[in-house]
Amino acid sequence: MTIEDIGLVGINVRMWRHLAVLYPTPGSSWRKFAFVLPVTAMNLMQFVYLLRMWGDLPAFILNMFFFSAIFNALMRTWLVIIKRRQFEEFLGQLATLFHSILDSTDEWGRGILRRAEREARNLAILNLSASFLDIVGALVSPLFREERAHPFGVALPGVSMTSSPVYEVIYLAQLPTPLLLSMMYMPFVSLFAGLAIFGKAMLQILVHRLGQIGGEEQSEEERFQRLASCIAYHTQVMRYVWQLNKLVANIVAVEAIIFGSIICSLLFCLNIITSPTQVISIVMYILTMLYVLFTYYNRANEICLENNRVAEAVYNVPWYEAGTRFRKTLLIILMQTQHPMEIRVGNVYPMTLAMFQSLLNASYSYFTMLRGVTGK
């Protein structure tokens, strides 16, 4: 079984391998540049267009959203390309841990693993489908406007983008964007969710194994060996979460700033526009941002919650029935569980639902301040 056959990350890894973002070969390395460079060029043209839209506040904010969203997608993809070896090593570690559970005699643990696979696979399919339809909506919306406009506002110095045949050529060039941007934007979200789901599954398995320690039928030595196995497994899980945090901590910090700013700006834009089409579009974009943020923070929050259950499971081990060696050894895992096992935003703030709420509160506070200053 290869990494692509593991349902936790299979869809995303298979897509990135095909595009040579991960596991490139000498004959396929060109694909990542053919995939990323056209979108990079479009993002630069969007920046030029923003400079032209400076006096039109609603248009500027709306196109700032598109620019920021595509810039964020590029940032994610370039991060994976630059840190390709670290991602591949981490996925190799995931495969090793996955197979160790799958090949074990723990039927309960294998059941947890299969449920985690289904959950991650379904989430990846949902994310790709929703992203594709969202971008298709953006692609079609200019057709309902009275004036000529491109789905993603772009400009070149000295070129009239609304004159024929330039307008038609640019519009046709943007037709593949639903596929390109969906393959660039959502695999990182789905991969993060799949990796977090696996971390949660491993902690659930650890809780179950701790619950199996004790009972009159177990000898002192058997209890000790089970406990030693749990300590070794808990150390593996801690290392896994630490390495995951190392890979994503900085990118989620940047995205928290970008998403918070986008939500604040879109709320303000919603307050000043009158076009029903644009209102529907902006509501859809806000919901998209909220969904992506919630996916991140909810999955990371589940790791924190499950780690707390590990601590509870350690307290519930019947240590009073065992000898001194067992009790001293139990203290080791008890001390380990006191250290928070969490993914941190920029290695500063833990990714929890409380942090998600704080981010939304900050975005809304800046929106009300902006509305008060402008009197809109």
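Select Glu107 and Arg110 to begin: both residues belong to helix H5, three residues apart, which is about one turn of the helix. Their side chains form a salt bridge, with the closest N and O atoms 2.1 Å apart, a salt bridge being a side-chain nitrogen of Lys or Arg within 4 Å of a carboxyl oxygen of Asp or Glu. Glu107 counts as exposed, at 53% relative accessibility, where exposed means over 50% relative accessible area, buried under 20%, and partly exposed in between (1.4 Å probe, protein chains only). This is a predicted model, in which local features need pLDDT of at least 70 and side-chain atom pairs count only at pLDDT 80 or more, while totals for chains, interfaces and linings use all residues. Residues are numbered from 1 along each chain as its sequence is written, and side-chain values use heavy atoms, with hydrogens and water left out.

Stay on helix H5, which covers residues 107-140, and select Leu133. Leu133 is exposed, with a relative accessible area of 59%, and together with Phe132 and Leu179 it makes a nonpolar surface patch of about 310 Å². Patches are made of residues with over 30% relative accessible area and no salt bridge, with like charges joined within 9 Å and nonpolar side chains (Val, Leu, Ile, Met, Phe, Trp, Tyr) within 5 Å; accessible areas come from the Shrake-Rupley method with a 1.4 Å probe, and for residues only the protein chains shown count as cover.

Next, select helix H9, residues 276-315, and find Asn307 in it. Asn307 is buried, with a relative accessible area of 3%. Leaving aside neighbours within four places in sequence, Asn307 is in contact (heavy atoms within 4.5 Å) with Leu203, His234, Thr337, His339, Pro340 and Met341. Also in helix H9 are Glu306 and Arg309, three residues apart, about one turn of the helix, and they form a salt bridge whose closest N and O atoms are 2.8 Å apart. Glu306 is buried at 5% relative accessible area, whereas Arg309 is partly exposed at 41%.

Moving to Glu342 and Arg344, one finds their side chains meeting in a salt bridge (2.6 Å, N to O). Glu342 counts as buried at 15% relative accessibility, and Arg344 is partly exposed with a relative accessible area of 26%. Elsewhere, salt bridges that share partners join Glu119, Lys200, Arg299 and Glu302 into one network; the structure holds 15 salt bridges.

Now display the largest pocket, which holds about 560 Å³ of space. It is lined by 29 residues, of which Tyr49, Arg145, Glu147, Ala149 and Gln278 lie nearest its centre. Helix H2 (30-52), helix H3 (57-82) and H9 are the elements that give two or more residues to this lining, and H3 gives the most, with five residues. On a 1 Å grid over the protein atoms alone, a pocket is an open set of points where a 1.4 Å probe fits, with protein on both sides within 12 Å along at least five of seven lines, and lining residues have an atom within 4 Å of a point. Grid points are joined across faces, edges and corners, and a volume is the space filled by probe spheres set on the points.

Finally, show the whole protein chain, which has eleven helices and two strands; helices (H or I, at least four residues) and strands (E, at least two) are DSSP runs, numbered from the N terminus. Of the 376 residues, 52% count as buried.
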